[in-house]
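Welcome! Please take a moment to look over the sequence and the model before reading on.

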Amino acid sequence: MPRRSVLLALGGASLLAGCGDDNAAWHAGGELPDDSHSGDVASPDPAPSVIPSVAPPTPGRCPPIAGAGTPRRGGPQYYLPCKGTQIALTIDDGPDPQYTPRMLALLAKYGIQATFCMIGRAAAAHPDLVKQVVAAGHHVANHTYTHPLNLTKLPDAQIRAELHRASDAINTASGGHQPTLFRAPGGAWSAAVLSECGALGMRALDWSVDPRDWSRPGVQHIVDTILTRTRPGAIILEHDGGGNRDQTLSALAIALPRLVDAGYTFAQP
Ligand SMILES: [Zn+2]
């Protein structure tokens, strides 16, 4: 059973602390990510000693990715429609003054267009960054206004407010970019979350390749996970906000050119 289905079935908020797209350090305080990252302890960041080879895309074939959620009608999207070489890169929890510009420069270097799942109040705090992301041709998705630890535990009115405020903030900051995709923090989906998402004209976006880069597991782990698990149709989850993202940027600088060289193309979900 997919990990997140287990979590939803159990309804376990405590389990979600270790789940996917999540950064408890600033969820708990209810504050914007600390721009200085003064609380971050520098972690060893050695270059990977071995870089795994990439399975090249096979046109017409989109094999399932072990551990990824199973698409259901009306449920969140875990994969792109199978078109042979296409994959998607999603970047969550920004915009962040320190890391979003570096991410934009890296993506521009390889001509990759990504989907930035932005937190509404971070977008409101950094409208210049939102505009830069949109101007570079990336899509901006709604990732709630405050990034609640478990959206499914909130009353319906609060869920609605989280989604509404984030879309409004992104629209205002960007000068008119209206999100059409919504990603729930931690992949915490429920019928109520999906309903509010649909009522605002947004599709629910999940992921199928998750190196848990937010937990700073090491550049080697992030590179290995991306390169060994990516298959045609994969939606890769990374982060440019919520803490120190040096490992994420170092890993993507290694992994992205290898995916491009293997024949993958980057598309919007
Ligand atoms: Zn997030």
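Here is a short tour, from the overall make-up to a few local details.

## The chain as a whole

This is a predicted model. The chain has 269 residues, and 52% of them count as buried. Its secondary structure comes to 10 helices and seven strands.

Setting aside neighbours within four places in sequence, Leu107 is in contact with Leu89, Ile91, Ile112, Ala114, Phe116, His138 and Leu256.

## Where H9 meets H10

Next, find the pair formed by H9 and H10. Their axes lie 8 Å apart and the helices pack at an angle of about 30°. Since angles under 35 degrees count as roughly parallel, that angle makes H9 roughly parallel to H10. The crossing of H9 with H10 is right-handed.

Which residues make the contact? From H9 come Val219, Ile222, Val223, Ile226 and Leu227. H10 brings Gln247, Thr248, Ser250, Ala251, Leu252, Ile254, Ala255, Arg258 and Leu259. By class, these residues divide into 10 nonpolar, three polar and one charged.

## Where H7 meets H8

H7 has a packing partner too: helix H8 (residues 191-199), at an angle of about 45° and with the axes 10 Å apart. That makes H7 oblique to H8. Here, too, the crossing is right-handed.

On the H7 side, the residues that meet H8 are Asp156, Ile159, Arg160 and Leu163. On the H8 side they are Ala192, Val193, Glu196 and Cys197. This contact has five nonpolar residues, three charged ones and no polar ones.

## Local backbone details

Finally, here are some spots in the loops. Most residues other than glycine have a negative phi, and most peptide bonds are trans. With that in mind, look at the loop between S1 and H4, where Pro95 is placed. A cis peptide bond joins Gly94 and Pro95, with omega at about 0°. Asp93 has its place in the loop between S1 and H4 as well, and phi of Asp93 is positive, near 80°. Is Asp93 buried or exposed? Asp93 counts as buried because its relative accessibility is 0%, and the cut-off for buried is under 20%.

Another positive phi turns up at Thr144, which is not a glycine and has a value of about 75°. Look for Thr144 in the loop between strand S3 (139-142) and H7. With a relative accessible area of 0%, Thr144 is buried.

Notes. Residues are numbered from 1 along each chain as its sequence is written. This is a predicted model: local features need pLDDT of at least 70, side-chain atom pairs count only at pLDDT 80 or more; totals for chains, interfaces and linings use all residues. Side-chain values use heavy atoms; hydrogens and water are left out. Contact means heavy atoms within 4.5 Å. Axes are lines fitted to C-alpha atoms, for helices over the stretch in contact, and angles run from 0 to 180 degrees between N-to-C directions. Helices (H or I, at least four residues) and strands (E, at least two) are DSSP runs, numbered from the N terminus. Angles under 35 degrees count as roughly parallel, over 145 as roughly antiparallel, 65 to 115 as roughly perpendicular and the rest as oblique. A crossing is left-handed if the near helix is turned anticlockwise from the far one by less than a right angle, and right-handed if clockwise. Ala, Val, Leu, Ile, Met, Phe, Trp, Tyr, Cys and Pro count as nonpolar, Asp, Glu, Lys and Arg as charged, and the others, Gly among them, as polar. Buried means under 20% relative accessible area, exposed over 50%, partly exposed in between (1.4 Å probe, protein chains only).
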